[in-house]
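Please look over the sequence and the fold below before reading on.

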Amino acid sequence: MDRVATSSFATASGASKTPYRNKQCRISGKKLEVKEIRRRVVSGNLVSWRAGRFSLDDDVKCCCASQSTAENAVSKEEEDGSGDAVESSLHSEAMALSRCGDVDGALEMLYDGLERFPENIYFLTSAGVIEGRRGNPKKAEDLFRLGVSIDPTNATTLQAWGVLEAKRGRKKKAELLFKNACKVDPSHISAYQVWGRMEADRGNIAKARELFAEADQIDPVDLHNLHAWGAVELRFGNIKAARKLLQRVLAADEKNVQAFLSLGKLEWRNNKPEVARKLFETGIDRQDDSTQRANLLNAWGTLESKRGNYGRARRLFQRALGDVPSHVHSMTAWGAMEARNGRLTKATELYSQAASLYPQNQYVKHHLAQFYRQLGKREEAERVLKELVSLNPDNSVGWHTLGQMATEVGELDQAIESFVAGKESSDGNGALLCYESLAEVYLFMGQINSAKQCFLEGAERHKKTGRFLRAWALMEKKLSNPELASKLFHASSKEDPQEARTWLKWALHERGRGNYVVAEDCYKNGLAVSASNPHLWYGYTMMCQAIKSEDEVRKTFEDALKACPRDGPLLMEFALMETSVGNIETARKLFTRGSEVEAAYIHPPLLEGWAAMEAAQGNTKFSEKLKKKYIETLGAREHLLQKQKSLSFERLERGAGKR
């Protein structure tokens, strides 16, 4: 809805026909043109109105808290009757634009709403929320400060301001705002929730529990509070407590999608995939809404993909898109899985479809840029990413990928600039990616203290992820701090026990230290969550050759090939082991098995090893034939890869032309 339409709607509804641009707003005894307020907000020069009796400390940083609850609170209070129909409708239209990605249009309507209805602070509050998300914290703070000066007892505005300060790392200021929100309205449950999440992000689980429990006493059937509390307990590894809370949600609402999603992930993380699968199926069966079914199918498919169950994942993604053909998250998740596995034709089909349906969707844009990058199309990837961060300067993953691309070509100053922009994002996980990569650049430049400071600052400001801890461990390993690296790998595995890469990296680290018992436990834990992961099996079989008997090693190789029957590196290493103990015929069968695929998919070193064995056995002609096939295989692999990339790029560009 543009300005003209908004004005016409107001007139038709019987609102004042007085030109709203000339209205004035009286605050704290001062008279100020609302047009001037808007000008100052947009320019960043809004007068700093006093926040009444609140004394706030700006110097202390804190971890990130979710702002969505604050925005929901604004909408909820409007539904409960705050403001007349015109105000409520105008605000709802603005929020709808924001959810559709038209942030500029949403802000335009909100600022117009402020000019027309200067006593309605929800326009101020919502504009503050959006400005904060756009990466304009100073503008957002000015808007919230103005809102509090109009109504110091409005819990929604206090809460939204607190969330902003939490994201800015000002934990004492955020805490005081949350405390005041709860004080002025003890029944405002969402304030307890965001405060509890912030305390959890700070590692203060006892305080977080206290706050969630207070909210639970106020309203024992508030499902948002129960779910948020359960999610926090799960993050801290309290499986039983999390399960109990989420089951309470389902007891109150047997169709609750978020509860099924969280319980499914909980059981998956607890290494009970069959229990998780039953939960997902039950949740899917109970849904009347096709989009909710697709959401559950997509989440389940993503978990199966991470476990290496690609066939099952494909079937789940297909079911999701069968229910909702335009389900964007299923398209991109499936496309990403196929791209990782080299199935570029299918990945291209899925990404083209997503980009055609959602050309301005930030999530789609980032996936598309990553795919362009995989295809070697740097200029196209960079163009899409710049569009993305221009559309939303707070998009940390966009800044992160831009920084990575700059690093790849040695443009370190540009990389640092991108990572610094991204680490200030309100998205905690994305910000941590930027901290991690910034540390890597500093380490490469020899600035060890700066690299360490990146990890320390990131850990202080945000809830640490398994990936962040793993990256920190790898840095400490490079810096010859093996004990600290081991502790960080351990912490990473606790944070995300389903991440096979952590178990692999930790196993390799302990193997290098000679801690074979710990390393073997890591390999086994990794294989428990990703039974067909060839990298884990390869690392495990290589270690076994160094510490176990011939029969034990052979048994390990046999187990590995049951899980990964066509894996070239495993077949080659097994064959080389049999060659070393004189089992030439067995080795020859293994080499043959590894070569019985199309030339482009043969593991080239397998042919090289086979040729060396045949030469040692005096089979010179056959050895030369294998060497020739080795050269042909290298060429076939490169030709196939380039052909796939070229075809995929052409299809994407044709799709872009249609858009």
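**Around helix α12**

The model is a predicted one, in which local features need pLDDT of at least 70 and side-chain atom pairs count only at pLDDT 80 or more, whereas totals for chains, interfaces and linings use all residues. Residues are numbered from 1 along each chain as its sequence is written, and side-chain values use heavy atoms, with hydrogens and water left out.

Helix α12 covers residues 223–235, and its 13 residues reach 18 Å from the first C-alpha to the last, close to the 18 Å expected at 1.5 Å a residue; the expected span is 1.5 Å times one less than the number of residues. Helices (H or I, at least four residues) and strands (E, at least two) are DSSP runs, numbered from the N terminus. Several residues of α12 are buried, among them Leu226, Trp229, Val232 and Leu234, where buried means under 20% relative accessible area, exposed over 50%, and partly exposed in between, with a 1.4 Å probe and protein chains only. The buried residues of α12 pack against α10 (189–201), α11 (205–218), α13 (239–252) and α14 (257–269). After the helix comes Gly237, with a positive phi near 80°.

Among contacts (heavy atoms within 4.5 Å) with a separation of 6 or more, 55% are between residues 24 or more positions apart.

Which charged side chains pair with each other, as in the case of Arg314 and Glu338? A salt bridge is counted when a side-chain nitrogen of Lys or Arg lies within 4 Å of a carboxyl oxygen of Asp or Glu, and the count comes to 44. Arg314 and Glu338 meet in one of them at 2.6 Å, N to O. This pair links distant parts of the chain, with Arg314 in helix α17 (residues 310–323) and Glu338 in helix α18 (residues 328–340), 24 residues apart. Arg314 is buried at a relative accessible area of 18%, and Glu338 is buried at 0%. Glu338 also forms a salt bridge with Arg343, at 3.6 Å between the closest N and O atoms, and Arg343 is partly exposed at 41%.

Arg588 and Glu614 form another salt bridge, their closest N and O atoms being 2.8 Å apart. Here too distant parts of the chain are linked, as Arg588 belongs to helix α33 (residues 584–595) and Glu614 to helix α34 (residues 604–616), 26 residues apart. Glu614 is buried, with 1% relative accessibility.

As for the cysteines, Cys182 is buried at 8% relative accessibility and Cys544 at 0%, while the count of disulfides, pairs of cysteine sulfur atoms within 2.5 Å, comes to 0.
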